[in-house]
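Please keep the sequence and the 3D view at hand while reading.

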Amino acid sequence: MPYKIAGLDVHKRMLAVVVSDVEVDGEYAFERRQFGSNPAQLRLLADWLLEQQVEEVVMESTAQYWKPVWAALERYWTPTCKKQEGAGSMSGTPHLAQAQSNRARQGRKNDFADAERLVKRLVANELTLSFVPDPEQRLWRTVTRTKYQLTRNRVQLQNRLEALLEECHIKLSSLVSDLLGVSARRMVQALADGETDPAALAALANYHLRATQEQLRDALGACQALNPVYRRLLKLAL
């Protein structure tokens, strides 16, 4: 009984797809097709795989471009494939291979050849496969990673802002713990807008701030001779 596996070489705008029966002796005979990566084309891909009676699909983890392809297969191909008569335990299973395990020799890069090599190496157990959780778990991973990235971006921005202020001889970070807080943002914004009076800048601080007005005026004293380039850089940071 034929057992067909499809190999997908995924790109941003197109997919090179090959299908072959792997229950044969000798060289595999591949059927080749090219599809786009837009939703309509991915639906056509799923229909074509069902028409070809493909049991398994393998693709590379190319940047983020594999994700919509994987989602389309999960939605349109896997459920129907698993329900077909005579479906085995692996029927309807997509595989995600780490790109490093499917590397070709230098100068041998070719889309369809890469897809064919995926099939051959999957059958030979030469691919390093990645675990892909279910859709709900992937969603929570995205949420967690996004929150982490946003927090890291904020910390990086604060560090860059502190380094810039230190270079300007503005010692605000010595008195204010959060340079992105309300008081510090008001003072830095006024500084970026061209304010040259340390007393006027210090007066923008919230009354909850522990630093005294005298300490703030001293820390902001360099604003009187601040180079306009630094003001522009502060404005960019904000």
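## The largest pocket

The largest pocket holds about 240 Å³ of space. On a 1 Å grid over the protein atoms alone, a pocket is an open set of points where a 1.4 Å probe fits, with protein on both sides within 12 Å along at least five of seven lines, and lining residues have an atom within 4 Å of a point. Grid points are joined across faces, edges and corners, and the volume is the space filled by probe spheres set on the points. The lining has 15 residues, and those closest to the centre of the pocket are Trp66, Lys67, Val132, Arg138 and Arg145. By type, the lining divides into eight nonpolar, three polar and four charged residues. Here Ala, Val, Leu, Ile, Met, Phe, Trp, Tyr, Cys and Pro count as nonpolar, Asp, Glu, Lys and Arg as charged, and the others, Gly among them, as polar.

Helix 2 (66–83) and helix 4 (135–167) each supply at least two residues of this lining. Helix 4 gives the most, with five residues. Helices (H or I, at least four residues) and strands (E, at least two) are DSSP runs, numbered from the N terminus.

## The model

This is a predicted model, in which local features need pLDDT of at least 70 and side-chain atom pairs count only at pLDDT 80 or more, while totals for chains, interfaces and linings use all residues. Residues are numbered from 1 along each chain as its sequence is written, and side-chain values use heavy atoms, with hydrogens and water left out.

## Helix 4

Helix 4 has 33 residues and reaches 48 Å from its first C-alpha to its last, close to the 48 Å expected at 1.5 Å a residue. The expected span is 1.5 Å times one less than the number of residues. At the start of helix 4, a side-chain oxygen of Asp134 comes to within 3.1 Å of the backbone nitrogen of Glu136. Such a polar contact is a pair of N or O atoms within 3.5 Å; within protein, one must be able to donate a hydrogen and the other to accept it, and residues adjacent in sequence count only if both atoms are side-chain atoms.

Gln158, Leu161, Leu164 and Leu165 are the buried residues of helix 4. Buried means under 20% relative accessible area, exposed over 50%, and partly exposed in between (1.4 Å probe, protein chains only). An α-helix has 3.6 residues a turn, so residues three or four places apart point the same way. The cover over the buried residues of helix 4 includes helix 5 (182–192) and helix 8 (228–237). After helix 4 comes His169, whose phi is positive, near 65 degrees.

## Buried residues elsewhere

Val132 lies in the loop between strand 6 (129–130) and helix 4. Val132 counts as buried because its relative accessibility is 16%. Leaving out residues up to four places away in sequence, Val132 touches Trp66, Trp70, Leu96 and Arg138; contact means heavy atoms within 4.5 Å.

Ser101 sits in the loop between strand 5 (93–97) and helix 3, and is buried, with a relative accessible area of 13%. Beyond residues up to four places away in sequence, Ser101 touches Arg121, Glu126, Leu127 and Thr128. A polar atom of the Ser101 side chain lies 3.2 Å from the backbone nitrogen of Thr128. Arg117, in helix 3 (residues 111–123), is buried at 15% relative accessibility. Its contacts, not counting residues up to four places away in sequence, are Asn102, Arg103 and Ala104.

## Exposed residues and positive phi

Which residue in the loop between helix 1 (39–51) and strand 4 (54–60) has a place in this account? Gln53 lies there, and its phi is near 60 degrees, a positive value in a residue other than glycine. Gln53 counts as exposed because its relative accessibility is 51%. Ala63, in the loop between strand 4 and helix 2, also has a positive phi, near 45 degrees. Most residues other than glycine have a negative phi.

Val182 is found in helix 5 and is exposed, with a relative accessible area of 55%.
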